[in-house]
Amino acid sequence: MKKLVFTLFAASSLIFTNSAVDVEAAFNSNTITPAIESSHTAQVNTEEVEQVAAAKATVKTGKYKTKHNSNIRLDAGTKYKVVTVAKKGATVIATHQKKVGSKTWYKVKVNGKAGWVLSTLLTPASTKVVKASNSASSSEVVSIALSLKGIPYKFGGTTTSGFDCSGFIQYVFKKAGKNVSRTTGTQFAESTTVSNPVPGDLIFFANTYKAGISHVGIYIGNGQFVHAGGSKAEVKSVNDPYWGKKFHSYKRL
């Protein structure tokens, strides 16, 4: 009888033990799916974070060549996927820069795509030296432009009663002794791209009120420019939260 009771007790314990293992396995099984979903969600959120991070990058302009075959990544960091590979000696155009730890990354355009590459993999490309116009000194252009601060913005305006962006440029340069075309597009076409701007150079922006080159101002040095925009002619930072994201290039007439 005692032996029978002991046998039944042992069998009961075995059943209980097996049930505990099954519950634990079921619990682990149930937690696998949320873990996978969390991983998937993290991937989606990473892309969203990358877009915000890129928007916070500071403006960096210049033309560079790759020292080696270089990976161009989705965002600044080796953990991001490669969007294209720039061959050794390829020319890339830098538009922004970002510091990640002790390393600096440049956002560049190459192979018809945009992405991020370590700055140490690039070397400045030789650029044609463009002399400033003899008929319109840089200091005079800046001085005249700054004297017009506060004049109201007026779409299509070309006089001191109101300026639009290209009308402002045309007026300033005419006062400084140089004839300039009327529209942003033609001003962009008749000027020459420069990597290292000086006061008096033009600064162009894209995708503001329309797609493509759509706004222009005058660079005045120290990371600032003057333009007819918003409600009046005013001075803004090149790294302004809005204008920094719309920056396209510096050019010289």
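**Close-up views of a predicted model**

View 1. Tyrosine 242 is partly exposed, since its relative accessible area is 37%, whereas tryptophan 243, with a relative accessible area of 10%, is buried. The structure shown is a predicted model, and in it 11 aromatic pairs are counted. Among them, tyrosine 242 and tryptophan 243 make an edge-to-face pair, with 4.9 Å from centre to centre and 85° between the planes. Both belong to a cluster, joined through ring pairs, that consists of Phe205, Tyr219, Phe225, Tyr242, Trp243, Phe247 and Tyr250.

**View 2. Lysines placed over aromatic rings.** Lysine 98 lies over the face of tryptophan 116, at 4.5 Å from the ring centre, and lysine 251 lies over the face of phenylalanine 188, at 3.8 Å from the ring centre.

**View 3. The surroundings of alanine 228.** Alanine 228 is found in strand β13, which covers residues 224-229, and it counts as buried because its relative accessibility is 1%. Beyond its neighbours within four places in sequence, alanine 228 is in contact with Tyr153, Phe163, Asp164, Cys165, Phe168, His215 and Ala233. Isoleucine 218 is 10 residues from alanine 228 in sequence, and their C-alpha atoms are 9.7 Å apart.

**View 4. The second largest pocket.** The volume of the second largest pocket is about 300 Å³, and of the 20 residues lining it, Tyr153, Cys165, Thr184, Tyr209 and Ser214 are the closest to its centre. At least two lining residues come from each of α3 (165-175), α4 (184-190), β12 (213-221) and β13, with β12 supplying the largest share, 3 residues. By type, the lining is made up of 8 nonpolar, 9 polar and 3 charged residues.

Note on methods. Residues are numbered from 1 along each chain as its sequence is written. This is a predicted model: local features need pLDDT of at least 70, side-chain atom pairs count only at pLDDT 80 or more; totals for chains, interfaces and linings use all residues. Side-chain values use heavy atoms; hydrogens and water are left out. Helices (H or I, at least four residues) and strands (E, at least two) are DSSP runs, numbered from the N terminus. Buried means under 20% relative accessible area, exposed over 50%, partly exposed in between (1.4 Å probe, protein chains only). Contact means heavy atoms within 4.5 Å. On a 1 Å grid over the protein atoms alone, a cavity is a set of points where a 1.4 Å probe fits but cannot get out, and a pocket is an open set with protein on both sides within 12 Å along at least five of seven lines; lining residues have an atom within 4 Å of a point. Grid points are joined across faces, edges and corners, and a volume is the space filled by probe spheres set on the points. Ala, Val, Leu, Ile, Met, Phe, Trp, Tyr, Cys and Pro count as nonpolar, Asp, Glu, Lys and Arg as charged, and the others, Gly among them, as polar. Rings of Phe, Tyr and Trp (its six-membered ring) pair if their centres lie within 6.5 Å; planes under 30 degrees apart count as stacked, over 60 as edge-to-face and the rest as tilted. A charge sits over a ring if NZ of Lys or CZ of Arg is within 6 Å of the ring centre and within 35 degrees of the ring normal.
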